[in-house]
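Subject: Structure handover

Hello,

Here is the structure for your files. My notes on what turned up in it follow below.

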Amino acid sequence: MAPMRSLAVALVGLVGLTAAFIPSQIPRHNVHVPSKSFPKAVAPAVSFSRRVALSMSSILDRKKEKKPKDVDASFGSGGLFTTSSQEQRRVVPTANGRKKFKVVYVVLESQYQSTLTAACTRINEKQDNVCVECVGYLLEELRNPETLEDMRKDVADADIFIGSLIFIQELAEKVVEVVSPLRDNLSACLIFPSMPEVMRLNKVGSFTMNSLGQSKSIIGDFMKSKKKEGGSGFEEGLLKLLRTLPKVLKYLPTDKAQDARSFIMSFQYWLGGSPENIESMLLMLANTYIEDVKDSQAVFEDPSEYLTWYNKEHAPLTGVDPATAPTVGVILQKSHINTKDEAHYTSLIAELETNGARVICIYSGGLDFSGPIQDYFYTKQGVVVVDTVVNLTGFSLVGGPAAQDHDKAVEVLKKLDKPYLCAVPLVFQSFEEWKASELGLHPIQVALQVSLPEIDGAIEPIIFAGREGATGRSVPLADRVQLLAQRALKWASLSRKQNKDKNLAITIFSFPPDKGNVGTAAYLNVFDSIRSVMVELQKQGYDVADMPMTAEGLMNDILNDKEARLSSPTLNVEYRMPVDEYQRLTPYASELEENWGPPPGNLNTDGKDMLVYGKKYGNIFIGVQPSFGYEGDPMRLLFSKSASPHHGFAAYYTYLEK
């Protein structure tokens with residue numbers, strides 16, 4: 001069985017923070033192995049519950065009440081005011097060889113009970129490599145000594161502890177009493193808005209709040225100042241702190257910044273509250289901080305860290321040689337990832353890796369990819385790490401189909417200075433409709449996904465995926481995915497070469513209107529222009545050996561007669577291609593026989609071989625493009641559906657390519 005290939009997705013950095021937006025966190029297996037992937041995390045727009053905010057205010061008042069002297073256990077085994085039990089919400093998975101981690105949580109209100117249960121159930125049902133045991137306690141249940149002892153036992157063998165809205169003084173003390181001695185054994189301890197002594201239990205890697213509430217606490221001083229400014233309570237102060245933290249993360253060491261960001265992401269997921277968000281939060285924490293679980297699922301902060309993992313762990317599985325492998329940057333559309341409609345992405349990535357390339361994938365929450373390119377296609381030292389870039393969205397680099405900023409896109413791509421391909425997924429047609437259409441690509445899609453990207457500087461708009469008519473899901477077109485991968489790798493190889501080693505072809509286009517002479521181009525000075533280009537190429541290090549000193553000398557080398565026409569026997573023959581070589585190297589040669597008969601035909605041939613006209617100077621080839629073969633029948637040239645290039649025409653471009 002071939003080794004499973006995984007895909008690392010470099011996530012877009014957090015830009016600002018708001019309680020009304022929950023970001024997606026996508027572990028690496030998501031795009032590459034959809035059937036065995038971690039969830040892509042739904043990112044709903046949610047707002048911090050007014051009801052929760054109001055309940056926190058009321059609880060802040062309650063915490064001032066005196067503790068009752070006598071507690072009658074007859075109110076219920078769960079606690080003074082509840083008969084519920086943590087066993088009602090315990091989730092125990094069937095491991096079946098999977099890695100297991102355990103989560104214990106304490107919450108004030110019960111709405112998170114069903115969400116956490118659903119999230120853990122989703123993980124246990126969907127994941128092939130990991131499962132989770134989960135048990136939760138309502139804060140009021142901790143009044144019961146037996147329940148408190150049960151919680152102590154659960155926390156003792158837990159990996160992650162989560163607490164939220166712990167604002168009742170006597171119960172907050174109980175939580176600290178239980179968790180504090182066991183905190184160092186936990187892989188992660190997350191406390192969301194709660195009393196300061198509980199918040200100090202926070203531990204996410206190197207990120208802690210140990211000094212919270214102390215006289216010299218930076219975090220405490222920040223929240224006090226915000227409270228004075230706006231009269232906000234503790235929980236609002238914490239939200240303001242979390243909105244501010246992303247702005248200072250760039251000044252922290254990498255590990256500390258990553259851990260702080262993990263806490264921020266976790267809090268955002270928590271505020272989201274949906275099973276999908278909680279599921280993503282748990283998997284993110286497990287993949288990052290639990291030693292028995294984390295593996296190649298981590299999310300990377302920069303390409304250097306990612307390539308270290310890729311070279312040491314992933315490359316051996318895929319057969320990629322890191323020492324020689326080109327690196328291809330791939331731009332993805334987030335909506336396809338979130339909706340699990342990423343088979344066409346997976347197919348191209350697998351094809352690139354099969355052909356020996358490393359892949360760095362990025363996407364953006366919006367339609368501006370300039371930021372992710374700057375963040376993930378460069379090292380921290382500003383060195384470009386990609387050899388070519390393939391945009392699989394099919395849209396402009398900045399703004400997508402809605403509002404393009406071509407100037408900004410040109411600036412970004414000019415700085416990157418690498419080949420930039422914008423491939424085309426079918427959007428307005430299904431694969432079957434496109435294949436049967438006489439017009440080909442839909443005119444609107446031509447404008448949006450061919451013309452506009454070309455203004456950015458994109459090249460090679462290859463259609464690589466279709467849309468399934470019945471379901472609307474994207475389907476990779478195998479032969480075109482292969483072609484796109486090959487073109488991307490050729491451009492990558494070219495970008496790594498020095499100019500002296502590059503081969504370049506300049507084709508002279510000739511057509512009967514005007515004088516019908518080769519290289520006349522409506523009386524423009526074609527050969528003088530070509531020689532000027534060659535002089536500039538020579539300055540840039542290209543090999544232009546034996547280049548003539550004058551434009552007339554160049555013309556004589558190629559034409560031998562300045563009045564030469566396309567059929568002239570005086571044209572210089574640079575290469576004679578045998579018919580068997582032509583048929584071997586030109587996959588569509590047999591299809592041309594319908595219009596032109598068997599090769600070599602009657603054009604660009606001596607009756608035996610196919611003739612390639614032109615002249616080579618060092619690594620620069622100046623060629624004469626063959627005629628279309630219909631010059632005497634312009635109506636056929638313009639309107640015939642069955643028109644095709646002749647064998648000599650095909651042989652010329654086969655020579656250039658092969």
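How many bridges join β13 to β14, and do the strands run parallel or antiparallel? There are three bridges, and the two strands run antiparallel. Strands here are DSSP runs of E with at least two residues, helices are runs of H or I with at least four residues, and both are numbered from the N terminus.

Before the rest, the ground rules. This is a predicted model, in which local features need pLDDT of at least 70 and side-chain atom pairs count only at pLDDT 80 or more, while totals for chains, interfaces and linings use all residues. Residues are numbered from 1 along each chain as its sequence is written, and side-chain values use heavy atoms, with hydrogens and water left out.

Overall
The protein has 24 helices and 18 strands. Of its 658 residues, 51% count as buried (buried is under 20% relative accessible area, exposed is over 50%, partly exposed is in between, with a 1.4 Å probe and protein chains only). Taking contacts between residues at least 6 apart in sequence, 72% join residues at least 24 apart (a contact means heavy atoms within 4.5 Å).

The sheet around β13
β13 belongs to an open sheet of three strands, ordered β12-β13-β14, with mixed pairing (two strands pair if DSSP finds at least two bridges between them). β12 (424–425) and β14 (474–476) stand at the edges with a single partner strand each, so one side of each has no neighbour in the sheet. On the β12 side, β13 (residues 463–467) pairs in the parallel sense over two bridges, and Pro425 has Ala465 of β13 as its bridge partner. On the β14 side, Arg467 has Ser474 as its bridge partner. β13 and β14 form a hairpin with six residues between them, and Gly472 in that turn has a positive phi of about 80 degrees. Four of the five residues of β13 are buried, so the strand is mostly covered.

Two residues with positive phi
Glu460 lies in the loop between α17 (443–456) and β13. Its phi is near 50 degrees, a positive value in a residue other than glycine. Asn96 also has a phi near 50 degrees, again positive and not in a glycine; its place is in the loop between α2 (50–62) and β2 (99–107). As for accessibility, Glu460 is buried, with a relative accessible area of 19%, whereas Asn96 counts as exposed at 67%.

His647 and what it touches
His647 sits in helix α24 and counts as buried because its relative accessibility is 1%. Leaving out residues up to four places away in sequence, His647 touches Tyr582, Ala589, Leu592, Glu593, Trp596, Gly597, Pro598, Pro599, Pro600 and Met610. The His647 side chain reaches the backbone oxygen of Gly597 at 2.6 Å. Pro599 is 48 residues from His647 in sequence, yet the two are 6.2 Å apart in space, C-alpha to C-alpha. The peptide bond from Pro599 to Pro600 is cis, with omega near 15 degrees. Pro600 itself is in the loop between α22 (593–596) and β17 (609–617).

Thr586
Thr586 is found in the loop between α21 (579–585) and α22, and is buried, with a relative accessible area of 2%. Not counting residues up to four places away in sequence, Thr586 touches Ala650 and Thr654. Its side chain makes a polar contact with the side chain of Thr654 at 2.8 Å (a polar contact is a pair of N or O atoms within 3.5 Å; within protein, one must be able to donate a hydrogen and the other to accept it, and residues adjacent in sequence count only if both atoms are side-chain atoms).

The second largest pocket
This pocket holds about 710 Å³ of space. A pocket is an open set of points on a 1 Å grid over the protein atoms alone, where a 1.4 Å probe fits, with protein on both sides within 12 Å along at least five of seven lines; lining residues have an atom within 4 Å of a point. Points are joined across faces, edges and corners, and the volume is the space filled by probe spheres set on them. There are 19 lining residues, and the closest to the centre are Leu494, Asn503, Leu504, Leu656 and Glu657. Two or more lining residues come from each of α18 (478–496), β15 (504–508) and α24 (647–657), with α18 giving the largest share, five residues.

Regards
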